Amino acid sequence: GLPREGPVACDMRHAILQHIVLVPIFTQFTRLVLRDLMRVLDIDVLHFELFPGAMPPQGVVENMVQVRPRRIGHLQRQHRKRHLTEPKDPHSRFALFTLPKSKLS
């Protein structure tokens, strides 16, 4: 079990989904694809950033939970490569969707 006293270390593995292409007839299996992707990559939480003017991948955001974007170390855009549809300004607005492994069980 978890200790009841003192700091508890968060040992969750996160990843950001940048590209996904599914043939429209397979969009009904998006949940299974995301679950297997998380299993193969051995991650606990999958994030997806949706920028203004971009179209969300069909079926992906429907399986995710929209959360408020925060300044978290592993999500800071200054320290990683910029996505093609991502604005050059690292402080630009975006919608953040997340999918914890527990939601897929």
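The model is predicted. The chain averages a pLDDT of 75, and 67% of the residues score at least 70. Among the elements, helix α1, residues 30-41, has the highest mean pLDDT, at 92. Helix α2, residues 101-104, has the lowest, at 83. Residues 1-9 are another matter. Their pLDDT stays under 50. For this stretch the model has two contacts beyond four places in sequence. Where pLDDT is low, the predicted coordinates should not be read in detail.

Next comes the layout. The chain holds two helices and four strands. Read from the N terminus, the order is β-α-β-β-β-α. Strand β1 covers residues 14-17. Strands β2 and β3 span 45-50 and 65-67, and β4 spans 95-100. Of the contacts with a separation of 6 or more, 78% join residues 24 or more positions apart. The chain has 105 residues, and 30% of them count as buried. Its accessible surface comes to about 7800 Å². Carbon and sulfur atoms account for 57% of that surface.

Part of the surface forms a nonpolar patch. Six residues make it: Val23, Ile25, Phe26, Phe29, Leu32 and Val33. The patch comes to about 530 Å². Take Phe29 as an example. Phe29 sits in the loop between β1 and α1. Its relative accessible area is 36%. Phe29 is therefore partly exposed, as that value falls between the 20% and 50% cut-offs.

Two other phenylalanines are buried: Phe51 and Phe94. What do their rings form? They form an aromatic pair, with the ring centres 5.8 Å apart and the planes at 50 degrees. This is the one aromatic pair that the structure holds. Where do the partners lie? Phe51 is in the loop between β2 and β3, and Phe94 is in the loop between β3 and β4. The two are 43 residues apart in sequence, so the pair ties together separate parts of the chain.

Now turn to the charged side chains. How many salt bridges does a search of the whole structure find? It finds four. Arg13, Asp42, Asp44 and Lys101 are linked in a network of such bridges.

Start with Arg13. At 33% relative accessibility, Arg13 counts as partly exposed. Its side chain meets that of Asp42 in a salt bridge, at 3.4 Å from N to O. This pair links distant parts of the chain: Arg13 is in the segment before β1, Asp42 is in the loop between α1 and β2, and 29 residues separate them. Asp42 is partly exposed, with a relative accessible area of 44%. Its backbone also deserves a look. Phi of Asp42 is near 55 degrees, a positive value in a residue other than glycine.

Arg13 has another partner, Asp44. The closest N and O atoms of this salt bridge are 3.5 Å apart. Asp44 lies in the loop between α1 and β2, and Arg13 in the segment before β1, so this bridge ties together parts that are 31 residues apart in sequence. Is Asp44 buried or exposed? Asp44 is buried, because its relative accessible area of 14% is under 20%.

Asp44 also forms a salt bridge with Lys101, where the closest N and O atoms are 3.6 Å apart. Lys101 belongs to helix α2, so the bridge reaches from that helix to the loop between α1 and β2, across 57 residues of sequence. Lys101 counts as partly exposed, at 35% relative accessibility. The network can now be read end to end. Asp42 meets Arg13, Arg13 meets Asp44, and Asp44 meets Lys101.

Terms used:
Residues are numbered from 1 along each chain as its sequence is written. This is a predicted model: local features need pLDDT of at least 70, side-chain atom pairs count only at pLDDT 80 or more; totals for chains, interfaces and linings use all residues. Side-chain values use heavy atoms; hydrogens and water are left out. Buried means under 20% relative accessible area, exposed over 50%, partly exposed in between (1.4 Å probe, protein chains only). Contact means heavy atoms within 4.5 Å. Accessible areas come from the Shrake-Rupley method with a 1.4 Å probe; for residues, only the protein chains shown count as cover. pLDDT is the predictor's confidence in each residue, from 0 to 100. Patches are made of residues with over 30% relative accessible area and no salt bridge: like charges are joined within 9 Å, nonpolar side chains (Val, Leu, Ile, Met, Phe, Trp, Tyr) within 5 Å. Rings of Phe, Tyr and Trp (its six-membered ring) pair if their centres lie within 6.5 Å; planes under 30 degrees apart count as stacked, over 60 as edge-to-face and the rest as tilted.
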